[in-house]
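Let's take a walk through this protein together. Have the sequence and the 3D view ready, and follow along as we go.

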Amino acid sequence: MQPIEMRDLYGARRRIAGMIRRTGLIHSPALSARCEAQVYLKLETQQVTGAFKVRGAANRLLQMTPGERARGVVTVSTGNHGRAVAHVAQALGMRAVVCVPALVLPHKVQAMRALGAEVRVVGANQDEAEAAALEMAGREGLTLVSPFDDLAVIAGQGTIGLEILEELPSIEVVVAPLSGGGLLGGIALALKAASPSIRAVGVSMARGPVMVESLKAGRPVQLPEEKSLADSLTGGIGLENRYTFNLIRRLVDETALLHEDEIAAAMVYALVEERLVVEGGGSVALGALLHHKIDVAGKTVAAVVSGANVDMALLTRLAQGAASAVSTGGPV
Ligand SMILES: *Cc1c(COP(=O)(O)O)cnc(C)c1O
């Protein structure tokens, strides 16, 4: 038996309906022309807290026992998951502690504090922050909520797949950002159950793509963490990965990698052509299409635009850089 089934996704959808938004799926004429395909964008930029992670967090917290709820939750996050857990915990009147590594962007920490979470900056990277969270969970009786390696979280993210299927039953290819694998794992589960011929493509940044390297190695591996515009995709998958590595290995057909300049171009493209504010990690599926990293000619494609939580000063700088490159005749 599979550890996670379609009924878990339907259960999740019902459970979280009152806490999340059903996000838009829009046709992109510009990307469709560029790829000679029918390209649709699934806008998790519209999601509560600005990213899809609230789906998994809500599904997880809503299944905790009254005793667990009374003690509270602890999590590790580079931003969006922590923010989602903080939001759901606040809505349910629970204590939430978020452990973040030192690399995390200040505006994300502020957002979590504004949601009532206790943010603790511990460790140089995701793994060290995780060790601190685990220790705190044991000491203070808190429930540790993984950003991806948890069946309830995966089922929550999978509700995106259910929504896509309902609006676009003719879908042939789904493209989504890939980091820990909860997002694409959940979505691929829904789509492959509808039709095994639907192609699932994961996109990571070229700087430290831990899941992609793990797939190559045939087991979870560790890589040094690097800074990337796709900050919400950095971090490991855990050497003791329980679910997502196998799920991704089983369900994902191919992967693609984006360089930093390609991620920047995707963010600017989203802003200028689609009028969408998208963070680096949220732009990589769209970016893989934009930069012809995957062959989708003639296909009906859904690309998941997974988050909007970008530092506005950064996005403005990237957009101005692109505009001045155009006006001086330089490369875009
Ligand atoms: C977490 C996150 C991802 C990656 O999701 P995984 O489940 O870790 O693969 C992609 N985009 C955004 C905006 C995220 O916050």
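Begin with the open sheet, which is built from six strands in the order β1-β2-β10-β7-β8-β9, with mixed pairing. At its edges you will find β1 (25–27) and β9 (254–258), each of which pairs on one side only. If you ignore direction, neighbouring strands of this sheet are turned by 25 degrees against each other on average. Keep in mind that you are looking at a predicted model.

Now zoom in on one pair of neighbours. How do strands β7 and β8 run relative to each other, parallel or antiparallel? Strand β7 (residues 173–177) and strand β8 (residues 199–205) run parallel, and five bridges join them. To find your place in this pair, look for Ala176, which stands opposite Gly202 in β8.

Next, let's turn to the loops. Between α2 (29–35) and β2 (38–43) there is a loop that holds Glu36. The backbone is worth a look here: Glu36 is not a glycine, yet its phi is positive, at about 50 degrees. Is Glu36 buried or exposed? Its relative accessibility is 61%, and because exposed means over 50%, Glu36 counts as exposed.

You can find His292 in the loop between α13 (284–290) and β10 (300–305).

Terms used. Residues numbered from 1 in each chain as written. Predicted model: local features only at pLDDT ≥ 70, side-chain atom pairs only at ≥ 80, totals over all residues. Heavy atoms only, no water. Helix = DSSP H or I, 4+ residues; strand = E, 2+ residues; numbered from the N terminus. Buried < 20%, exposed > 50% of the residue type's maximum accessible area, 1.4 Å probe, protein only. Pairing = 2+ DSSP bridges. Axes fitted to C-alpha atoms, helices over the stretch in contact; angles between N-to-C directions.
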